[in-house]
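Have a look at the model first, then we'll go through it.

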Amino acid sequence: MDTIVQMLDEIFTTRISNPPVGLAEFMKSQKDKTILLYGAGAFGRENLSLFRKYGVEPFAFLDRNAEPGMERMGIPVYKPDDPELSLDYRKSVQVYISITLPKRIMSGIQNDLKQLGYQNVSPVQIITAHQVCYDDTKEENPGTEYFETRKERIESVLKLMEDSESRETFLSCIKGHLLRDYTSYKETDFPCQYFDAGVPLNKGFGGFVDCGAYIGDSLETLLRYCDRLDTYIAFEPVLDNFEMLSKNTDKFIDRIGKGFLYPCGVSDRTGVERFSIAASSSTVDENGELLPIIKIDDVLKNVPVTCLKMDIEGSEPMALRGAAELIRTQKPDLEISVYHSVNHFWDIPYIIHEMVPEYKFYLRSHTPASLESVLYCTV
């Protein structure tokens, strides 16, 4: 443990002596590169917009489903093996994989591209992770005083991590964000976020609460790992997503004892909140659309819960406080996303530890550059 704490101290020392550049400055280093984005789907198009925001114009998309003459957002789309892209050209370009993928699949794509002659291939998350700010300051790179006042809490959370992978992951995430250098990172080898992450969860999934249920993707994945749920409780505030969630839940209804679906978000109060709505997510935004929110302790009364999952775009601290009674009394296994804000890596474990000191903490990053990092808690 002393060695791990020393490594954390070294990260702080580096951060104080050599503050990182911001995303705008980093993007200047990309302007002289010929950039190809692998993946022309929603995430790829989102990343194209990000590059353009900072004056960087990628040359083209690469996509296995490309057709002759295809364009997306004003740039061409090529198959990776398109003969128009010569071997010398492939050696010279920078390819950013613009699909969110687990390690095993990402590695396969990187290998495939390198076999086709693309020598410079990286996940785009090493750039997009720069956008993860600190929600308690709304800054990309706070000053030295910020870390001096939080160092003790960060160190205490590091010591709470139960296994070596969790400690290494925590250090990797802290190093990446504090130094804004994501070229080396710890990503888990375990195959499935939430349900096969190498974590000894103890309560099972019989009573599963799904906060940020989207269209039921977590439910579908979960049912590959267990035969039946006694109770499925889902919260999803975006109505289009909720309609798909309801339809998709119907597909599995013979494997669910009771299902309760709520068209609302979760927070530390019951009422309404403004959200900015994207294709697959909704984020609190004072200029956004009004949507209903609910405090979990207001709606779940004496309902057996064995596992509580939250992936709610940065609202996790408020939602946890809104479920404090459930967590203290039932001590369900927890699966909480911590990657939406840098300070959530230490603030969320601290909140949970104060509620239930006997929880054991495990941290796994399921995609590159600290993204899709989930805190798993069990007693």
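Q: Which glycine just after α5 takes a positive phi, and what is the angle about?
A: Keep in mind that this is a predicted model. Helix α5 covers residues 103-115. Just after α5 comes glycine 117, and its positive phi is about 105°.

Q: Within what arc do the buried residues of α5 fall, seen down its axis?
A: The buried residues in α5 are Met106, Ile109, Gln110 and Leu113. Looking down the axis, they sit within a limited arc, so they line one face of the helix. That arc is 100°.

Q: Which exposed residues does α5 carry on the face turned away from its buried side?
A: Exposed here means over 50% relative accessible area. On the face of α5 turned away from the buried side, the residues that count as exposed are Arg104 and Gln115.

Q: Which helix do the buried residues of α5 pack against, along with several strands?
A: The strands packed by the buried residues of α5 are β1 (35-38), β2 (60-62), β5 (94-97) and β6 (120-123). The helix that joins them in this packing is α6 (125-128).

Q: How far does α3 reach from its first C-alpha to its last?
A: Helix α3 spans residues 42-53, which makes 12 residues. At 1.5 Å a residue you'd expect 16 Å. The model comes close to that, with a reach of 17 Å.

Q: Within what arc do the buried residues of α3 fall?
A: The buried set in α3 is Gly44, Asn47, Leu48, Leu50 and Phe51. They line one face of the helix, because seen down the axis of α3 they fall within an arc of 160°.

Q: Is serine 246 buried, partly exposed or exposed?
A: You'll find serine 246 in helix α11 (residues 239-251). Its relative accessible area is 28%. Buried would need under 20% and exposed over 50%, so serine 246 is partly exposed.

Conventions. Residues are numbered from 1 along each chain as its sequence is written. This is a predicted model: local features need pLDDT of at least 70, side-chain atom pairs count only at pLDDT 80 or more; totals for chains, interfaces and linings use all residues. Side-chain values use heavy atoms; hydrogens and water are left out. Helices (H or I, at least four residues) and strands (E, at least two) are DSSP runs, numbered from the N terminus. The expected span of a helix is 1.5 Å times one less than its number of residues. Buried means under 20% relative accessible area, exposed over 50%, partly exposed in between (1.4 Å probe, protein chains only). The arc is that of the directions from the helix axis to the C-beta atoms. Contact means heavy atoms within 4.5 Å.
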